[in-house]
Amino acid sequence: MIVVDSSLEAKGALQWALSHTVQSQDKLVLLHVTKPSSSKQAGEEPSKDVAPRAYQLVHSLRNMCQLKRPEVQIEVAVVVEGNKEKGPTILEEARKQEVALLVLGQKKRSTTWRLLMMWAGNRVGGGGGGSVVEYCIQNASCMAVAVRRKSRKVGGYLITTKRQKDFWLLA
């Protein structure tokens, strides 16, 4: 399962997963978590009318995946955040889909943010660094991987798992 949105980080994670982890016999699930609208009940799957941009996004990403890896079965899931925060919503959907690997795009935090988190002792934002990605890595029942491009100049990816933080994969 790959968590997708319109960010460059999510698209980079998707490209990394397609080239480094997805096998031809795998089923790939593209998950997009959207905010609830006033007319939708929490936990319901939104209709294409209610969340047209979300459906447009995941279907365009699915088409890109099918062009790059036509042998892989690709499904899309758009879920409403509901009463839970984004992290628990992602993990609940991963558990429902019985995924073996959860891939998330990760943003580089500014130096100011990292210093603030060190000073606050991770008390802000619900602990664990306040990041949805960090929450998912620490609490997922399956293998969870955060992927971030190293830089345009150097290349490669920084991979974060429960046991390894910012492992540089030059590929």
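Student: What is the orientation of α3 and α5 to each other?

Tutor: The model is a predicted one, in which local features need pLDDT of at least 70 and side-chain atom pairs count only at pLDDT 80 or more, while totals for chains, interfaces and linings use all residues. Residues are numbered from 1 along each chain as its sequence is written, and side-chain values use heavy atoms, with hydrogens and water left out.

Let us begin with the pair itself. Helix α3 covers residues 86-97 and helix α5 covers residues 132-139; their axes come within 8 Å and cross at roughly 40°. Helices (H or I, at least four residues) and strands (E, at least two) are DSSP runs, numbered from the N terminus. An axis here is a line fitted to C-alpha atoms, for helices over the stretch in contact, and angles run from 0 to 180 degrees between N-to-C directions. Angles under 35 degrees count as roughly parallel, over 145 as roughly antiparallel, 65 to 115 as roughly perpendicular, and the rest as oblique. The helices α3 and α5 are therefore oblique to each other.

The crossing of α3 past α5 is right-handed. A crossing is called right-handed if the near helix is turned clockwise from the far one by less than a right angle, and left-handed if anticlockwise. On the α3 side, the contact is made by K86, G87, P88, I90 and L91; on the α5 side, V132, Y135, C136 and N139 take part. Contact means heavy atoms within 4.5 Å. By class, six residues of this contact are nonpolar, two are polar and one is charged. In this scheme Ala, Val, Leu, Ile, Met, Phe, Trp, Tyr, Cys and Pro are nonpolar, Asp, Glu, Lys and Arg are charged, and the others, Gly among them, are polar.

T89 lies in helix α3 and is buried, with a relative accessible area of 8%. Buried means under 20% relative accessible area, exposed over 50%, and partly exposed in between (1.4 Å probe, protein chains only). Leaving aside residues up to four places away in sequence, T89 touches V33, V79, V80, E81 and K84.

The loop between α3 and β4 holds E98, which counts as exposed at 71% relative accessibility. Most residues other than glycine have a negative phi. E98, although not a glycine, has a positive phi of about 55°.

Strand β4 (residues 101-105) contains L102, a buried residue with a relative accessible area of 0%. Not counting residues up to four places away in sequence, L102 touches I90 and L91, and also C136, among others. L102 and A146 are 44 residues apart in sequence, yet their C-alpha atoms are 8.4 Å apart in space.

A146 belongs to strand β5 and, at 0% relative accessibility, counts as buried. Residues touched by A146, with those up to four places away in sequence not counted, include V133, I137 and L158. The C-alpha atoms of A146 and T161, 15 residues apart along the chain, are separated by 6.5 Å.

In soluble globular proteins, nonpolar side chains tend to be buried together. A nonpolar core is a set of buried Ala, Val, Leu, Ile, Met, Phe, Trp, Tyr and Cys residues joined through side-chain atoms within 4.5 Å. The largest such core has 25 residues, of which I2, W16, L28, L30 and V147 touch the most other members. The elements that give two or more residues to this core include α1 (8-20) and β5 (143-149), while α2 gives the most, with six residues. A second, separate core of 20 residues includes M1, V33, I137 and A140.

Finally, the chain as a whole has five helices and seven strands, which follow the pattern β-α-β-α-β-α-β-α-α-β-β-β along the sequence. Of its 171 residues, 41% are buried. Among contacts with a separation of 6 or more, 63% join residues 24 or more positions apart.
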